[in-house]
Structures are given as structure tokens and as C-alpha cells.
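Me: Can we go through this model together, starting with the ligand and then moving on to the backbone?

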Amino acid sequence: MKNLIDIKDLSIEEIEELIKVAKDIMQNPEKYSEKCKYKKLATLFFEPSTRTRLSFEAAMMELGGNVIGFSDAQSSSTSKGESVSDTIQVVGCYSDIIAMRHPKEGAPLVAAMKSTVPIINAGDGGHNHPTQTLTDLLTIACEKNRLDNLTIGVCGDLKFGRTVHSLITAMSRYKNIKFVLISPEELKIPEYIKEEILEKNNIEYIETNDIEEKMENLDILYMTRVQKERFFNEEDYLRLKDYYILNINKLEKAKKDLCIMHPLPRVNEIATEVDEDDRACYFKQAKYGKYIRMALILKLLKIS
Ligand code: NCD
């Protein structure tokens, strides 16, 4: 595997191996502190980011490597009209691996076709976000001790939320996974995910707009933000943005070992009172993101 564009680029065995390496890094960080000496990661972010970009940068630094890049397309030659394909060919001359986020679906795939160095998709429009999913898988593996036999509630913007699309794709490969898809009518999961992933793999799922309906059955509750930047009009966004606000009351029937996740950034969808609850895993999840990205960089650079 040269690039990571879609979570399906990784087999279950490869994911298992990445999780194993990430866990080893957490326990023995010093063993890895010079693995990427003299290597450079370029982070090309054509769309805003905090966690993904900074966790990639922290990951490379903790491997002893260096980082170059930009966090705003306006400060790059894109603003002069340069194509993604040209930018990638140039950046490939200065770096060993590239993490790229772009508002256009498929842009990282196009970049990978032109690139001489490995490309990591750090989010493409409302499509995919495979490294967030690796983060989510490591979180689930550490917090629940398993990746199978889980009932997963996914709540919020299931239409535009790219983390949701990649997560459902990944989890559908494990045994006895059930989904409760919680969203307002307008933000339901796209048909292609239902047909090509859920139905094709015979995954049990229900769709509802009520967050409490199946609360007592959930092992994981994955909350998401309404994706403001993908809306065509402000009015719809304003109407839907506070549709779900998870608070302690709504968790009344939830399991004691429920794992509450969120890719972050949070807007209003989880009340801050939930942060104190032992079941809130979202800040731990952000931390796991750095370790799995370290494991991924090593894999793509073929460093053991
Ligand atoms: C997510 C994204 O960019 O899709 N953020 C992240 O990478 N952790 C989720 C979001 O922006 O809502």
C-alpha cells in the first residue's frame, strides 16, 4: 500500500497491525523517537483543521522527523491558480510523505495519481476521513477492548459528515456490528452508504431522529457536528444546528460502560456537563489520534 485515500485501502489485518504499533508507541515512546530522523512530512491543508493537522505534525515530530506545509490555501500558490496536481508534484520534491485535506471530494485520489511520495487523505469534502477512522478504531480498541459485537449509535450530520462515512465503512467489516443512525430527515446517511456498505454486508441498522429511542442498547455513541461549510443556505443550517444536544438527562438509560465519542470540533451537540462523565471519551480520542498517525507514517514510509 502506497497511499491512504480510503479506509478500505487497509485490510483488517493491516488495521490490526497499526493498532498494535500505536499501542506499543504509547507504552515505549522513546523506542520510536528517532525513527523518522531526516524525514519530512508536508501538511497541505486547503481547508481548516486543528486536530488533524496538529496531530500529524506532533506525530512526525515525536518520530524525530520534520514538518513543512501550509494551513490555509490562501497562503499557498493555489491562490495564484496553481492546480492540485502541480502543487503535489512540487511538494513531493521537498518531502517524503504528504498529508492533504481538500474541500473537493476525490482531490487526494487525484493527487496520489501524480505524486512520487505517499499521500494521506486528511479529509476530502463531505466524502472520507480515513485517519479520523483509524483514530476512532484505536479509541474503540482501547476503551472497549474489542472491535466486534458492538451496537453503535451515530448521531448528527450523517449526510455531510465524512468521519461518519469512513467509520461505517470500517466497522461494517467486523462481526456482529449494529448501527443506530440518528439524524434529522434532511441529514440522513447517503443512499450509497446504505446500499454499498450496510446492505451489501448485511449489517443490521435502523434510522431514527430520536436520540433516546435506543440509548439503552448502545455500546458507542458517536456524536457529530452539523457541517456548516457544506450547506447551501444559512437558513437550513440555523434550523438544524442545535437539533441534538446530548446532556446528562438524555444519558439516563445509557449503559454504564457506554463510550461517547466525537471527532471534534464540538459546537453545541454535547453539553459541557457531559465532559465530567466517565463515559465521555472524546478528548482521549483526540490523544489516540497522534499515536495511530505515528503508526501510519511508519507504515507508509516502510520503517519498522
Ligand atoms: C472532522 C472533520 O474534519 O471532518 N474533524 C476532525 O478531523 N477531527 C469533523 C468535523 O469537522 O466536524
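**Ligand site and backbone**

Me: Which pocket does the ligand take up?
Reply: This is a predicted model, and in it the space taken by the ligand is the largest pocket.

Me: Which elements give two or more residues to the shell?
Reply: Those elements are helix 2 (51–62) and helix 6 (162–171), and the shell also draws at least three residues from each of domain 1 (7–128 + 289–300) and domain 2 (131–286).

Me: OK, and which residues are around the ligand?
Reply: Around the ligand are R51, T52, R101, H129, Q132, R162, T163, R225, Q227, P263, L264 and P265, and by class this shell has 3 nonpolar, 5 polar and 4 charged residues.

Me: Which polar side-chain atoms lie 2.8 Å from an oxygen atom of the ligand?
Reply: Among them are one of R225 and one of Q227, and in the side chain of R162 an N or O atom is likewise 2.8 Å from a ligand oxygen.

Me: How much of the ligand does the protein bury?
Reply: The protein buries 94% of the 310 Å² that the ligand exposes when taken alone.

Me: Switching to the backbone, what kind of peptide bond joins L264 and P265?
Reply: The bond between L264 and P265 is cis, with omega at about 5°, and both residues also belong to the group around the ligand. P265 itself lies in the loop that runs between strand 9 (259–261) and helix 9 (282–300).

Me: And N149, is its phi positive or negative?
Reply: N149 has a positive phi of about 55°, although this residue is not a glycine, and its place is in the loop between helix 5 (130–144) and strand 5 (150–155).

Me: Why flag those two spots?
Reply: They are worth a look because most residues other than glycine have a negative phi, and most peptide bonds are trans.

Conventions:
Residues numbered from 1 in each chain as written. Predicted model: local features only at pLDDT ≥ 70, side-chain atom pairs only at ≥ 80, totals over all residues. Heavy atoms only, no water. Near = heavy atom within 4 Å. Polar contact = N/O pair within 3.5 Å; in protein donor to acceptor, adjacent residues only side chain to side chain. Areas by Shrake-Rupley, 256 points an atom, 1.4 Å probe, with all protein chains shown as cover. 1 Å grid on protein atoms, 1.4 Å probe; cavity = no way out; pocket = protein on both sides within 12 Å on 5 of 7 lines; lining within 4 Å. Sits in = over half its atoms within 2 Å of the grid points. Helix = DSSP H or I, 4+ residues; strand = E, 2+ residues; numbered from the N terminus. Nonpolar A, V, L, I, M, F, W, Y, C, P; charged D, E, K, R; others polar. Domains from an automatic or database assignment.
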